Amino acid sequence: MALYDEFAWFYQRYWNEEFHSLAFPILDRIWLAHLSPGAHILDVCCGTGYLAALLIERGHRVDGFDASEGMILYARERVPAAVFDVAEVATFRAPCLYDAAVSTFDSLNHILDLETLEAAFRNTAAALRPGAWFAFDMLLDKAYQTHWGEGFAIVRDDHVLTITGAGFDFRTRMACCTITMFRLIDGAWRRSDAMIRERCYTMDEIGRALERAGFGDLTCYDARDLGMAGQLGEGRTFFVVRRG
């Protein structure tokens, strides 16, 4: 997860607020409405803790984990009221049972094979009380066939980021892009590079994996229908399921 450690600073600065300003009202409508006040929530692949902070502001308790130590360092600094750990989604073991779980910003598309995705769903189900609700979003075909990984650059006096997309392979259903980052630290420029890979799963694959993991009552929502316009909403689906 070293590549995500290097990316954490840019993710924290540029993407968290933009995405969650649109995603949180959606979660409020389709998932939070099911929860009791003060629910204990598990934030799966929590990133730098932006969503955890919003949930705590609503009066909930939050534990989160992410495979990137760099992301978790930012999360702990940003949200001291939450509990964060470094863990892999397919192998983590929860210390208790939670009232709900959530995973955002197509985090689960970073899982590159169906067996591991099912293990992630299975571990999430094992961390939840019976009847608890799990909400997450994933990107489907349309997202990868259009603008995902589209090249662009951010240039500032003390940092630069460029993204170069390599396209979507229809045979393997894999997409990748290269991120090159420069930061001016203590008077010297530091460069780091990361290749981000995601897999596009079909609705049938996701549904079967959820069912095998012990989830039911699946409801799917097109992000655009719920107000997430533009590139962020393109090809994005929100899923809400209930642990059996």
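Q: Why are helices α4 and α6 called oblique to each other?
A: Helix α4 (residues 114–126) and helix α6 (residues 203–213) pack at an angle of about 45 degrees, and their axes lie 8 Å apart. The axes are lines fitted to C-alpha atoms, for helices over the stretch in contact, and the angles run from 0 to 180 degrees between N-to-C directions. Under 35 degrees counts as roughly parallel, over 145 as roughly antiparallel, 65 to 115 as roughly perpendicular, and the rest as oblique. The pair is therefore oblique.

Q: What kind of model is this, and which residues and atoms count?
A: It is a predicted model, in which local features need pLDDT of at least 70 and side-chain atom pairs count only at pLDDT 80 or more, while totals for chains, interfaces and linings use all residues. Residues are numbered from 1 along each chain as its sequence is written, and side-chain values use heavy atoms, with hydrogens and water left out.

Q: What makes the crossing of α4 and α6 right-handed or left-handed?
A: A crossing is left-handed if the near helix is turned anticlockwise from the far one by less than a right angle, and right-handed if clockwise. Here α4 passes α6 in a right-handed crossing.

Q: Which residues of α4 and α6 meet?
A: On the α4 side they are L114, E118, F121, R122 and A125, and on the α6 side E205, I206, A209, L210, R212 and A213. Contact means heavy atoms within 4.5 Å.

Q: How do the residues of the contact of α4 with α6 divide?
A: They divide into 7 nonpolar, no polar and 4 charged. Ala, Val, Leu, Ile, Met, Phe, Trp, Tyr, Cys and Pro count as nonpolar, Asp, Glu, Lys and Arg as charged, and the others, Gly among them, as polar.

Q: How many helices and strands are there in the protein, and what makes a run of residues one of them?
A: There are 7 helices and 11 strands. Helices (H or I, at least four residues) and strands (E, at least two) are DSSP runs, numbered from the N terminus.

Q: How do you know that strands β8 and β9 pair?
A: Two strands pair if DSSP finds at least two bridges between them. Strand β8 (residues 174–185) is joined to β9 by 12 bridges, and the two run antiparallel. In this pairing C177 stands opposite I196, and M181 has S192 as its bridge partner.

Q: What joins β7 to β8?
A: There are 9 bridges between these antiparallel strands, including the one in which L161 pairs with M181 in β8.

Q: What is the order of the open sheet of 7 strands, and which strands stand at the edges?
A: The order is β3-β2-β1-β4-β5-β11-β10, with mixed pairing. At the edges are β3 (83–86) and β10 (215–222), each with a single partner strand, so one side of each lacks a neighbour in the sheet. The twist averages 15 degrees from one strand to the next. Strand β5 (residues 128–139) is joined to strand β11 (residues 236–243) by 7 bridges, and they run antiparallel; F134 has V241 as its bridge partner in β11.

Q: How do you know that the radius of gyration agrees with a compact globule?
A: The radius is taken over C-alpha atoms, and the globule rule is 2.2 Å times the number of residues to the power 0.38. For 244 residues a compact globule would come out near 18 Å, and the protein has 17 Å, so the value agrees.
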